Amino acid sequence: MALIGLIGKSQRGINQELIQYAIKALPAILIDCANSADPHRYYPQVNLEIMQRIYVFELELLHKFRDVLRRVPLYAKKLQVKIIVVTTSDHLLNYHNEKENRDINIHAWELMRKIGDSHDIVVGVYPNSEQYTFAQKYCREIRGN
């Protein structure tokens with residue numbers, strides 16, 4: 001079990017790769033911070049029945065991201081998931097308070113690392129971003145470009 005960072009150069013590319021991680025290890029939880037979980041985007045390459053085994057938490061707010069992460073271990077246990085996937089979170093809506101945003105991001109990464117103690121969790125990040133800096137600190141492994 002581990003927290004793994006997955007590096008990508010484009011939002012669409014990295015998030016599509018993350019969806020593939022979820023598909024290959026069903027059942028899965030997808031914390032969708034990037035609005036990437038539309039099953040019609042992957043049809044007919046991916047059967048809709050497969051997509052129904054991915055439990056999606058759609059997020060738009062940074063504050064909700066942390067709140068969902070607090071509850072994910074409970075859902076993961078209940079649903080007996082094999083992997084938790086988190087799409088890129090750089091663009092979540094926030095209250096434009098840099099210190100507060102940074103504190104929430106730090107707490108979110110701490111929660112993800114703790115989740116990684118009991119479940120595989122893969123997180124998408126861009127190179128040279130604040131999230132990449134957190135990934136370097138909190139992830140057991142970073143894969144990709």
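Notes on the source. I am working with a predicted model, in which local features need pLDDT of at least 70 and side-chain atom pairs count only at pLDDT 80 or more, while totals for chains, interfaces and linings use all residues. Residues are numbered from 1 along each chain as its sequence is written, and side-chain values use heavy atoms, with hydrogens and water left out.

Entry on salt bridges. I took a salt bridge to be a side-chain nitrogen of Lys or Arg within 4 Å of a carboxyl oxygen of Asp or Glu, and by that rule I count four salt bridges. One of them joins arginine 70 to aspartate 67, with the closest N and O atoms 3.6 Å apart. I found both residues in helix H3 (residues 62-79), three residues apart, which is about one turn of the helix; helices here are DSSP runs of H or I with at least four residues, strands are runs of E with at least two, and both are numbered from the N terminus. Aspartate 67 also counts as partly exposed, at 23% relative accessibility.

I then turned to helix H4 (residues 98-115), where lysine 99 and aspartate 103 are four residues apart and therefore separated by about one helical turn. These two form a salt bridge whose closest N and O atoms are 3.0 Å apart. Lysine 99 counts as exposed, at 60% relative accessibility, whereas aspartate 103 counts as partly exposed at 38%.

A further salt bridge runs between glutamate 130 and arginine 102, and I note 3.1 Å between the closest N and O atoms. This pair links distant parts of the chain, since glutamate 130 belongs to helix H5 (residues 130-138) and arginine 102 to helix H4, 28 residues apart. I recorded glutamate 130 as partly exposed, with a relative accessible area of 38%, and arginine 102 as partly exposed, with 41%.

Entry on cysteines. Using the rule that a disulfide is a pair of cysteine sulfur atoms within 2.5 Å, I find zero disulfides in the structure. Cysteine 33 is in no disulfide, and the nearest cysteine sulfur, that of cysteine 139, is 14 Å away. I have cysteine 33 down as buried, with a relative accessible area of 3%, and cysteine 139 as buried at 12%.

Entry on aromatic rings. Rings of Phe, Tyr and Trp (its six-membered ring) pair if their centres lie within 6.5 Å, and planes under 30 degrees apart count as stacked, over 60 as edge-to-face and the rest as tilted; by this rule I count three aromatic pairs. Among them is the stacked pair of tryptophan 109 and tyrosine 138, at 6.4 Å centre to centre with 20 degrees between the planes. Tryptophan 109 lies in helix H4 and tyrosine 138 in helix H5, 29 residues apart, and the pair links distant parts of the chain. I close with the aromatic cluster formed by Trp109, Phe134 and Tyr138.

Note on methods:
Buried < 20%, exposed > 50% of the residue type's maximum accessible area, 1.4 Å probe, protein only.
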